[in-house]
Amino acid sequence: VDVSWYLILSALLFAIGAGGVLIRRSPLVILLCLELMLNAGNLALVAFARDHGDQDGQVFALIVMVVAACEVVVGLGLIVAMFRRRLPLNVDEMRNLRG
Amino acid sequence: VGWFVSATTYAWLVLAFPLAGCLVNAFGWRVLPGRAAGWIGTAAIGLAFLNAIGALLMLLDKPVESRELTSSLWTYASAGGLDVKLGILVDPLSVFMILVVSGISTLIHLYSVAYLDSDRGYARYFAYLNFFVFSMLLLVLAGNFVLLIVGWAFVGFASYALISFWYRRNTATRAGMKAFVINVIGDVGLVLAAFFIFRELGSFDYLAVFDAAPEQFSTNQGVVIAICLLLCVGAFAKSAQLPLHTWLPDAMEGPTPVSALIHAATMVTAGVYLIARAHPLFELAPTAADISAFIGLATLIFAATVALAVTDLKRIIAYSTISQIGYMVVGASIGAYAAGLFHLMTHAFFKALLFMAAGSVISAMAGTQDIDRMGGLRRALPFTSTMMIIGALALAAFPGTSGFFSKDEILVFAAERGGFYWIFTVGGYLAALLTAVYAFRIVFRVFWGEPVEEARELEHGHLAHAEPENPMSGEPEDTDVGFPGPEHHIAERDWPMQWAMAVLGFGALFAGALQIPGLDDVVHSFLHGSFLDSPLYEQVPSVTADWEGLGIGGILAVLGIAVAYLVWVARPGTSTALAARLRGVHAFLVHKWYFDELYDALVYRPVIAVGRFASTVVERVVVQGIVTGAVEAVRSVGVVVRGAQSGFVRAYALLLVGGFAALGLYFLIVSG
């Protein structure tokens with residue numbers, strides 16, 4: 001299969017993820033959409049690695065997975081902490097950093 | 001012969017012992033019992049003195065032409081033609097100086113062991129004192145100008161620390177600051193001189209500089225005069241010569257042994273040493289040397305007149321020190337190097353002795369320093385009065401004493417040199433007469449006359465005790481730190497003080513025997529090794545001229561003592577009548593020629609006015625205006641920009657995504 005199909009899929013996934021991050025208000029869903037974006041990137045990396053015939057892209061994909069795992073740990077930890085404090089699970093209401 | 005180490009090794013040991021003593025006392029003050037700190041300090045300096053003798057013996061083994069030895073431990077800095085080593089120069093001049101410094105210091109440490117016995121800062125005192133001796137030895141042993149400046153600054157600090165030793169005394173801390181500030185003026189002169197030397201000759205090393213100077217400079221070339229005058233600024237600040245002398249009388253706020261060691265016998269002679277050390281430069285700049293000699297002459301006359309009028313016992317001796325250093329500066333500047341340095345040595349003996357005796361008197365008077373309140377202490381203090389009389393005889397240059405031989409040698413050299421140098425002879429003899437008068441003014445007013453109450457009590461064995469008060473301001477004193485402790489110590493009752501004074505008394509009487517015209521020539525011939533390149537060094541006055549000068553000096557000394565006897569013993573009240581008759585002159589002298597008032601008007605007040613202007617106008621209006629303006633500008637920009645910080649995470653994310661998308665588009669278009 002031509003590499004461009006993989007790239008189109010990857011771009012589609014990335015756009016869905018980005019759209020989710022921008023549109024949805026629940027932190028949990030935003031986190032899921034972030035995962036989607038990261039994996040879209042992974043797909044592109046792996047596709048390019050296969051196309052070029054070397055393993056560098058694969059290695060990067062593995063590293064991105066590690067980073068993604070870390071990020072999920074932090075993100076979920078934050079969400080749990082918010083839940084415990086009975087804070088609203090809505091990112092638009094958490095705007096204490098307004099200038 | 002393994003223990004016959006070289007002269008330079010001895011010299012390093014001379015430096016090592018005082019430093020070790022300082023460190024032991026500084027870090028061990030908590031655990032050192034009783035007088036241990038004092039004995040450690042004394043032993044350290046005593047060992048340094050023994051090693052100085054070792055260096056002397058090693059140096060005497062060598063022929064006169066090769067008595068300049070150098071040694072260096074490591075290199076400080078080496079870059080771009082600059083080559084500074086931690087190096088020493090061991091030659092007759094530096095060995096002479098370390099012998100005087102360590103010898104006198106040993107005795108003064110010994111004296112202090114008893115004198116400061118009940119002071120709470122006992123170990124701190126000896127740590128400072130050892131540090132001073134280390135710094136002074138470093139100063140005189142330094143083999144280049146950089147190390148000289150290091151030692152120079154160290155002794156300045158040690159002097160500051162010891163003047164302000166009783167730090168609860170306001171007058172003492174102020175005197176310490178004054179001394180430090182004036183000494184820094186001198187340091188600046190010295191540093192600038194070193195810069196000039198490096199610029200012109202490319203080296204800081206003494207021997208290299210002095211070798212290169214005659215080829216590089218023509219006689220009286222502008223730059224060499226500038227170098228010498230800058231060196232003089234350093235020398236005059238340290239040696240309390242006009243117009244930088246005002247710190248020395250105030251330095252008497254320190255403990256009396258400190259006055260004896262630092263502000264009479266050793267540190268203040270550093271300027272004389274510097275001029276003698278830099279003699280190849282001064283001989284290339286005769287104009288600068290003459291200026292220096294004239295300042296010395298003015299100082300010695302000025303200080304002798306002031307010493308006639310002031311009534312504080314220690315300050316009389318301080319002005320006497322300024323005056324005597326004036327003689328040394330004249331000697332070193334006109335080329336009578338050996339005579340100037342010989343006078344440095346004899347002066348160290350009798351001036352230290354006078355201060356020690358004064359310390360004993362002040363203790364007997366329970367802290368009073370005003371000679372108007374003293375009198376008739378002769379029978380109460382038999383030993384102290386004998387020593388004071390010996391010191392005064394040597395100071396007055398009474399025939400046969402050490403001061404007799406050393407002072408006249410300078411003046412005779414000036415007379416023999418020809419030209420206008422006779423001025424120094426005349427001025428010197430004039431001041432010599434005054435010297436004899438004020439020296440015996442001290443003796444007669446303190447020890448003769450009607451015994452005061454303290455003296456009568458002491459004759460019955462009761463040492464006076466008074467509530468400690470500041471002798472200058474009359475404020476009650478903090479006995480924690482201040483005053484040599486609650487107990488008083490007089491030489492009659494403490495053997496360390498007595499021994500120290502006895503040895504100095506011996507030196508003050510008989511040290512002149514080293515250099516009797518026609519008989520022996522010890523100092524002059526020994527120092528020759530450091531002055532091989534000096535044509536002036538060979539010009540010694542004839543023996544006949546010497547003895548003529550000594551005759552005049554002897555007559556003046558006896559005359560001065562007779563005048564003092566007449567005024568203060570035979571017809572008491574003469575001086576009061578005279579002061580009342582010449583009220584203007586007396587006030588002029590008592591106010592020390594109004595130098596302090598002059599500096600107050602010329603320096604202090606303008607600086608304070610500038611400071612006030614800076615604080616009200618520059619600080620409040622200009623600086624404050626700039627600062628508030630900057631704050632306002634940042635704030636008004638912030639008001640505009642903060643609208644972007646909505647706090648909506650999704651808005652930020654949108655900006656991020658949109659930004660990257662725009663960037664991607666841009667690159668697509670550009671590459672396409």
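The side chains of A:Asp92 and B:Arg650 are joined by a salt bridge, with 2.5 Å from N to O, the term being used for a side-chain nitrogen of Lys or Arg within 4 Å of a carboxyl oxygen of Asp or Glu. This is a predicted model, in which local features need pLDDT of at least 70 and side-chain atom pairs count only at pLDDT 80 or more, while totals for chains, interfaces and linings use all residues. Residues are numbered from 1 along each chain as its sequence is written, chains are lettered from A in the order in which they are written, and side-chain values use heavy atoms, with hydrogens and water left out.

Across the interface of chain A and chain B, the rule finds one salt bridge. On the side of chain A that touches chain B, six residues are nonpolar, one is polar and five are charged (Ala, Val, Leu, Ile, Met, Phe, Trp, Tyr, Cys and Pro count as nonpolar, Asp, Glu, Lys and Arg as charged, and the others, Gly among them, as polar). In terms of contact, meaning heavy atoms within 4.5 Å, 12 residues of chain A meet nine residues of chain B.

Turning to the rings, a search of the whole structure finds 30 aromatic pairs over all chains, where rings of Phe, Tyr and Trp (its six-membered ring) pair if their centres lie within 6.5 Å, and planes under 30 degrees apart count as stacked, over 60 as edge-to-face and the rest as tilted. One of these pairs, B:Tyr666 with B:Phe667, is edge-to-face, at 5.4 Å centre to centre and 65° between the planes. Ring pairs also link B:Tyr122, B:Tyr125, B:Phe126, B:Tyr128, B:Phe165 and B:Trp166 into a cluster.
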